[in-house]
Amino acid sequence: MVDVDISDCRVALRLIRMAIEETCPPGVLPSEEAVNGLYGPEPIHEAEALATAIYAAVEKLTAVPVKPRAGKPSSPSIAPGTTSRLAAYAASRSTAGMTAG
């Protein structure tokens, strides 16, 4: 089993949160503070909130209830420039982690 640094998990979850906030309808994702109160403070709780937000966004955009599918999900359409902003954010977090200490 591979050991994963908790800070890497939090950075990955932050990238997913940023993508949801930039592309999904307002109101589908509670604030980070609200997630702590509603779900809990651990990375798994943030992941649960993010997954719930994705399903809520799809339902709002399609007006059809969505059930999770087994297997690999299809690739989403990503707004132009989103990938580069996410990559820049990840790079800044990596660099900040290397210089702190």
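**Exercise 1. Work out which residues line the second largest pocket, and which helices they come from.**

Start with the term: on a 1 Å grid over the protein atoms alone, a pocket is an open set of points where a 1.4 Å probe fits, with protein on both sides within 12 Å along at least five of seven lines, and lining residues have an atom within 4 Å of a point. Going through the chain, you pick up R10, L13, R14, R17, E32, V35, N36, G40, P41, E42, P43 and E46. Now sort by element, where helices are DSSP runs (H or I, at least four residues) numbered from the N terminus. Those giving two or more residues to the lining are α1 (6-23), α2 (32-38) and α3 (43-62). The top contributor is α1, with four residues.

Two ground rules before going on. This is a predicted model, so local features need pLDDT of at least 70 and side-chain atom pairs count only at pLDDT 80 or more, while totals for chains, interfaces and linings use all residues. Residues are numbered from 1 along each chain as its sequence is written, and side-chain values use heavy atoms, with hydrogens and water left out.

**Exercise 2. Sort the lining of that pocket by residue class.**

Count Ala, Val, Leu, Ile, Met, Phe, Trp, Tyr, Cys and Pro as nonpolar, Asp, Glu, Lys and Arg as charged, and the others, Gly among them, as polar. The tally for the second largest pocket is four nonpolar, two polar and six charged residues.

**Exercise 3. Find the largest nonpolar core and follow I20 within the model.**

Look for buried Ala, Val, Leu, Ile, Met, Phe, Trp, Tyr and Cys residues joined through side-chain atoms within 4.5 Å; buried means under 20% relative accessible area, exposed over 50%, partly exposed in between (1.4 Å probe, protein chains only). You end up with seven residues: L13, I20, V28, L29, L50, A53 and A57. Both α1 and α3 give two or more of them, and α3 gives the most, with three. Next, list contacts (heavy atoms within 4.5 Å). Skipping neighbours within four places in sequence, I20 meets V28, L29, L50, A53 and I54.
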